[in-house]
Amino acid sequence: MMLQRNEELIRAAAKLHQDGKIPANTYVIDLDSLERNVQRISQTAKDHDLKLYYMTKQIGRSGFVGQIIQNNGIERAVAVDIDEAIELKKEGCSIGNIGHLVQPSKSQWHYVLTFLRPEVVTLFSYERAKQLSDAAEKLGKKQDVLLRVIRPNDVIFPGQFGGFLLDDLEGQLDDILTLKGINVVGVTSFPIFRFHQEQQDFSFTPNIETLQKARNILERKGIKVTQVNAPGATSCYTIPKLKEAGVTHGEPGHAMTGTTPLHAYKPDLPEVPSIVYVSEISHMDDEFAYTIGGGFYARSNMKYALFGGTEERIIQQKAEIDRWSATNIDYYGCLKRKEEMKVGDTVIYAFRTQIFITRSHVAYIRGARQKAPELVYFQRRGQ
């Protein structure tokens, strides 16, 4: 799909690597395409009266890209953890939602309230709610919060468990509403969509019904619900579905780089794929070529990569990925060796990633479509 929809990015990434402008183990993002994607998502949300928080963890969570996104129509970020929020805020980005998926620790609430100043905080428990409320009271503040609500049959990914059980929510609200430093304004859950490869389409998870029932419980308690926040695969394609289901807020992430699961199959979606991973053939044996790693992602489902010493060659040469193990450190990738391969060849991968858990650099470029690629920002690992 990347070859079909953004061949220019592949060529640009190969040229920049061969010219020594970027090293191996670098994600390259087509900033021109990303900007257009953000504009399209923002306009679609406005057309459907849906509000958005942008997510940057999958593209390296830098304040540089946060400002680019804000300048193109999505005004506030959702931070997956407090460290992401700090990186964004340091560069002047506005924080919309923090606490979902990772709760700040008990010693960090003062910092959240005084420096990060989010629009809403997502809470998983009464204990966290009381910690936040106590900190807010000491500062003379009242913080708007969302409650993450779950049911036993909801879809929840491993490592992301937690939240208020729907059956207990009404009783727990009696205690939460006594806390003077917080103001409950809505509910959230994740993920809201499930992708079906056979149908090449999304369907709602049971979590959407959980949100709808939770909203009703809050309203019966006299709470004015201003947020039904439903993250996961928010895009131009899914925004109308969210609106129809009563959702008020979405959180686009992969849609901004055209890399939701649906983007791998449908060539006519408004968002254009705009990210590739650049590696290099480090060494070879009789069977395999080994590529410099650090940025592979366990859930990427990689099958093939492109390779070559020039931008012309790289769009013509494809190799099968082999000996890839998600359980080992990715010092190297591995391709089935082909006669044309040379040590030092550029290798281009295109897959759905989460850069913030990798050891990779991120290069933002402009001018790929004009065949005059320019590196405009380089986010070195460790920043």
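User: Let's start with Leu101. Which residues does Leu101 touch, leaving aside those up to four places away in sequence?

Analyst: Leu101 touches Val80, Phe124, Arg148, Gln160 and Phe190, once residues up to four places away in sequence are set aside. Keep in mind that this is a predicted model.

User: Where is Leu101 found?

Analyst: In the loop between strand S4 (95–98) and H5.

User: And how do I read its accessibility: is Leu101 buried, partly exposed or exposed?

Analyst: The idea is to compare the relative accessible area with two cut-offs: under 20% is buried, over 50% is exposed, and partly exposed is in between. Leu101 has 22% relative accessibility, so it counts as partly exposed.

User: How many residues apart along the chain are Leu101 and Ser189?

Analyst: They are 88 residues apart along the chain, and their C-alpha atoms are separated by 9.5 Å. Phe190, one of the residues that Leu101 touches, is joined to Pro191 by a cis peptide bond, with omega about 0°. Pro191 itself sits in the loop between S8 and strand S9 (193–196).

User: Now helices. Which residues of helix H7 are buried?

Analyst: H7 covers residues 166–176, and Leu166, Leu169, Leu173 and Ile176 are buried there. Look down the helix axis and you'll find these buried residues within an arc of 65°, so they line one face of H7.

User: What do the buried residues of H7 pack against?

Analyst: Their partners are helix H6 (126–138), strand S6 (143–150), strand S7 (164–165), strand S8 (182–188) and helix H8 (207–220).

User: Take the H8 partner. What describes two packed helices?

Analyst: Two things: the angle between the axes and the distance between the axes. For H7 and H8, the angle is about 20° and the axes are 10 Å apart. An angle under 35 degrees counts as roughly parallel, so H7 and H8 are roughly parallel to each other. Their crossing is right-handed.

User: Which residues make that contact?

Analyst: H7 supplies Leu166, Leu169, Glu170 and Leu173, while H8 supplies Thr210, Lys213, Ala214, Ile217, Leu218 and Arg220. Sorted by class, the contact of H7 with H8 has 6 nonpolar, 1 polar and 3 charged residues.

User: Let me try another pair. At what angle do H2 and H3 pack?

Analyst: At about 45°, with their axes 9 Å apart. That angle makes H2 oblique to H3. On the H2 side, Leu31, Leu34, Glu35 and Val38 meet Phe64, Val65, Ile68 and Ile69 of H3. By class, the contact of H2 with H3 has 7 nonpolar, no polar and 1 charged residues.

User: Which residues of H3 are buried?

Analyst: In H3 (residues 63–71), the buried ones are Gly63, Val65, Gly66, Ile68, Ile69 and Gln70. They pack against helix H2 (31–47), strand S2 (51–55), strand S3 (76–79), helix H4 (82–90) and strand S19 (361–366). Just after H3, you'll see Gly73 with a positive phi of about 125°.

User: What about Asn301: what is its phi?

Analyst: Near 55°, also positive in a residue other than glycine. Asn301 is in the loop between strand S14 (288–292) and strand S15 (304–308). At 65% relative accessibility, Asn301 counts as exposed.

Note on methods. Residues are numbered from 1 along each chain as its sequence is written. This is a predicted model: local features need pLDDT of at least 70, side-chain atom pairs count only at pLDDT 80 or more; totals for chains, interfaces and linings use all residues. Side-chain values use heavy atoms; hydrogens and water are left out. Buried means under 20% relative accessible area, exposed over 50%, partly exposed in between (1.4 Å probe, protein chains only). Helices (H or I, at least four residues) and strands (E, at least two) are DSSP runs, numbered from the N terminus. The arc is that of the directions from the helix axis to the C-beta atoms. Contact means heavy atoms within 4.5 Å. Axes are lines fitted to C-alpha atoms, for helices over the stretch in contact, and angles run from 0 to 180 degrees between N-to-C directions. Angles under 35 degrees count as roughly parallel, over 145 as roughly antiparallel, 65 to 115 as roughly perpendicular and the rest as oblique. A crossing is left-handed if the near helix is turned anticlockwise from the far one by less than a right angle, and right-handed if clockwise. Ala, Val, Leu, Ile, Met, Phe, Trp, Tyr, Cys and Pro count as nonpolar, Asp, Glu, Lys and Arg as charged, and the others, Gly among them, as polar.
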